[in-house]
Amino acid sequence: MHFQHADDIWRDFPELSAGTLFISGISGDVSVEDHIHRFQAIANDRLETASESDLPAIQAWRRTFARMGLKPTQYRSASEALLRRFRKEGSLPAIHPLIDLCNATSLAFAIPIAVFDLAHVSGYLHVRRASGNETYLTFAGETENPEAGEVIFADGEGRAHARRWTNRQSGHSAIRPQTTHALIVAEALHGTAREDVTRLIATLSEAIAAAWGDRPSTAMLDRSSPRFDFSI
């Protein structure tokens, strides 16, 4: 299998930095509480001096959404939505250790992190513009069709696994108790995106290795090296 961004995504968003991790041997019976508490403390410190909308990584995604014709206060990146909820509620609900860990890491770095159950991804996963014929399954079980030109994560069978780029993932490839293999993608477009995503990937890789005992395969992607290959 492989993951990559389409050429026109790199062309239109040359400031993009993307990092990927592939992990196998996942189970839901591990504890990641120490990591979550550490990452949430970092997020709390940042939110004491600025709201999430003031953070450079969030501002960059707002500008990107506006360039895509989306109202940034109506459609938010996943990292902004998590930070808003965390600021208001003081915590995030526990879902699965891998999701909880990635959500906490996203809070600490203010960078959206997508996590996909590869058993429900066909062939490959590409970040590309939609044709309008793809199908997207919501977490409520409803089927939608992304708008033509919308940036989506799409697989080999025309399923959209995320809509509006980093706005909303699909229920079809959500992590579940039976998940054993997952792909994790972090993307940013702010001034220090390359350094921050590199640090995020290294930090998350260490936390995953500590929790599951197996260090994931990782890669940093750019226009000259846009593809991440991995085997299940």
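Two strands count as paired if DSSP finds at least two bridges between them. With that in mind, Thr20 stands opposite Val185 in strand 10, and strand 2 and strand 10 pair in the antiparallel sense over eight bridges. The model you are looking at is a predicted one. Its protein chain holds six helices and 12 strands. The radius of gyration is 16 Å, close to the 17 Å that the globule rule gives for 232 residues, so the chain is as compact as a globular protein of that length.

**Overall build**

- Along its principal axes, the C-alpha trace of the protein chain spans about 45 × 40 × 40 Å.
- Buried residues make up 52% of the 232 residues in the protein chain.
- Among contacts with a separation of 6 or more, 72% come from residues 24 or more positions apart.

- In general, strands of a sheet pair through backbone hydrogen bonds, either parallel or antiparallel.

**A closer look at strand 2**

- Strand 2 (residues 17–24) pairs with strand 11 in the antiparallel sense over five bridges.
- If you click on Thr20, you will find that it stands opposite Ala219 in strand 11, as well as opposite Val185 in strand 10.
- Ala18 stands opposite Leu221, again in strand 11.
- Seven of the eight residues of strand 2 are buried, so this strand is largely enclosed by the rest of the structure.

**Nonpolar cores**

- The largest nonpolar core has 41 residues, of which Leu98, Val115, Ile184, Ile208 and Trp212 touch the most other members.
- Leaving aside residues up to four places away in sequence, Leu98 touches Ile26, Val115, Ile175, Ala182, Ile184, Ile208 and Trp212.
- Another core, of 29 residues, lies apart from it; Phe116, Phe153, Leu183 and Leu221 are among its members.
- As a general background, nonpolar side chains tend to be buried together in soluble globular proteins.

**Aromatic pairs**

- The structure holds seven aromatic pairs.
- One of them is formed by Phe3 and Phe153, which are stacked at 6.0 Å centre to centre with 25° between the planes. The planes are under 30 degrees apart, which means the pair counts as stacked.
- This pair links distant parts of the chain: Phe3 is in strand 1 (residues 2–5) and Phe153 is in strand 7 (residues 151–155), 150 residues apart.
- Phe3 is buried, with a relative accessible area of 0%, and Phe153 is buried too, at 1%.
- Trp61 and Trp165 form an edge-to-face pair, 5.0 Å centre to centre and with 90° between the planes.
- Distant parts of the chain are linked here as well: Trp61 is in helix 3 (residues 56–67), whereas Trp165 is in the loop between strand 8 (160–163) and strand 9 (168–169), 104 residues apart.
- Both Trp61 and Trp165 are buried.
- Phe13, Trp61, Phe65 and Trp165 form one aromatic cluster.

**A loop residue to look up**

- Thr138 lies in the loop between strand 5 (136–137) and strand 6 (143–144).
- Although it sits in a loop, Thr138 counts as buried because its relative accessibility is 8%, and buried means under 20%.
- Not counting residues up to four places away in sequence, Thr138 touches Glu144, Arg168 and Gly171.

Technical notes:
Residues numbered from 1 in each chain as written. Predicted model: local features only at pLDDT ≥ 70, side-chain atom pairs only at ≥ 80, totals over all residues. Heavy atoms only, no water. Phe/Tyr/Trp six-rings, centres within 6.5 Å; stacked < 30°, edge-to-face > 60°. Helix = DSSP H or I, 4+ residues; strand = E, 2+ residues; numbered from the N terminus. Buried < 20%, exposed > 50% of the residue type's maximum accessible area, 1.4 Å probe, protein only. Core = buried A, V, L, I, M, F, W, Y, C linked by side-chain atoms within 4.5 Å. Contact = heavy atoms within 4.5 Å. Rg over C-alpha atoms; globule rule 2.2 N^0.38 Å.
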